[in-house]
Amino acid sequence: MTDQNPFDAMMKMSQDWAKSMNVDMDTFTPKGFEAMWPTMPAEAMEMFFGNTMNPEGLDAKTRLLLTLAGLTVLGAQAEAQIRLTIRHLVEAGAKKQEIAEAIAQMGMFAGVPAVTKAMELATDVLEKDDST
């Protein structure tokens, strides 16, 4: 009989398996994974998220602004998803003012800390976009 906790044994086995699949697992970061996800072209976003299939519906930019508002109201804790949504918004033609307003509108519902965090993430993405 072993004194090892079964949960610890399961976690070790899972970590060993993950390392065998990717030798750089020790250096893996969520931000690194985020960098692997490309920004979708505006046309593709309109096709999948926009009103291509539903001409009377919302366009991709509006849907992405709603997504950003939802991520903000949830506390702006999904940092990678917020940054990715901002990148897609820029590609979809959203202006900085529109992005800021979508975040600020959630202040009443999400509170100042969530709005501040979302604005910081948006600013980081938008500043990188300006420098390229």
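In this report, a residue is called buried when its relative accessible area is under 20%, exposed when this area is over 50%, and partly exposed in between, as found with a 1.4 Å probe and the protein chains only. By this scale K128 is partly exposed, because its relative accessibility is 47%.

The structure is a predicted model, in which local features need pLDDT of at least 70 and side-chain atom pairs count only at pLDDT 80 or more, while totals for chains, interfaces and linings use all residues. Residues are numbered from 1 along each chain as its sequence is written, and side-chain values use heavy atoms, with hydrogens and water left out.

## Overall architecture

The protein contains 8 helices and 0 strands. Helices (H or I, at least four residues) and strands (E, at least two) are DSSP runs, numbered from the N terminus. Along the sequence the pattern reads α-α-α-α-α-α-α-α. The protein has 132 residues, of which 24% count as buried.

Two packed helices are described by the angle between their axes and the distance between the axes. Here the axes are lines fitted to C-alpha atoms, for helices over the stretch in contact, and angles run from 0 to 180 degrees between N-to-C directions. Angles under 35 degrees count as roughly parallel, over 145 as roughly antiparallel, 65 to 115 as roughly perpendicular and the rest as oblique.

Helix α4 covers residues 60-73 and helix α6 residues 96-104; their axes come within 8 Å and cross at roughly 40 degrees. The two helices α4 and α6 are therefore oblique to each other. Helix α5, residues 79-91, also packs with α4, at an angle of about 160 degrees and with the axes 10 Å apart. The pair α4 and α5 is therefore roughly antiparallel.

A crossing is left-handed if the near helix is turned anticlockwise from the far one by less than a right angle, and right-handed if clockwise. The crossing of α4 and α6 is right-handed, whereas α4 passes α5 in a left-handed crossing.

L65 is placed in helix α4 and counts as buried because its relative accessibility is 17%. The C-alpha atom of L65 is separated by 7.3 Å from that of L89, although the two residues are 24 residues apart along the chain.

## Salt bridges

Side chains of opposite charge can pair when their charged atoms come close. A salt bridge is defined as a side-chain nitrogen of Lys or Arg within 4 Å of a carboxyl oxygen of Asp or Glu. The whole structure holds 5 salt bridges, including those in the table.

| Salt bridge | N to O distance |
|---|---|
| E98 and K61 | 3.1 Å |
| K117 and E79 | 3.1 Å |
| D124 and K128 | 3.6 Å |

The side chains of E98 and K61 meet in one of these salt bridges. Since E98 lies in helix α6 and K61 in helix α4, the pair ties together parts that are 37 residues apart in sequence. E98 is partly exposed at 26% relative accessibility, whereas K61 is buried at 18%.

K117 forms a salt bridge with E79. This pair links distant parts of the chain, with K117 in helix α8 (residues 112-131) and E79 in helix α5, 38 residues apart. K117 is partly exposed at 28% relative accessibility, and E79 is partly exposed with a relative accessible area of 31%.

D124 and K128 both belong to helix α8, where a spacing of 4 residues separates them by about one helical turn. D124 is partly exposed, with a relative accessible area of 26%. Salt bridges that share partners also join E79, R83 and K117 into one network.

## Surface and further contacts

F7, M10, M11 and M13 make a nonpolar surface patch of about 420 Å². Patches consist of residues with over 30% relative accessible area and no salt bridge, with like charges joined within 9 Å and nonpolar side chains (Val, Leu, Ile, Met, Phe, Trp, Tyr) within 5 Å. Accessible areas come from the Shrake-Rupley method with a 1.4 Å probe; for residues, only the protein chains shown count as cover. M11 is found in helix α1, residues 6-21, and counts as partly exposed at 33% relative accessibility.

F49 has its place in helix α3, residues 42-49, and is partly exposed at 36% relative accessibility. F49 and D59 are 10 residues apart in sequence and 7.2 Å apart in space, C-alpha to C-alpha.
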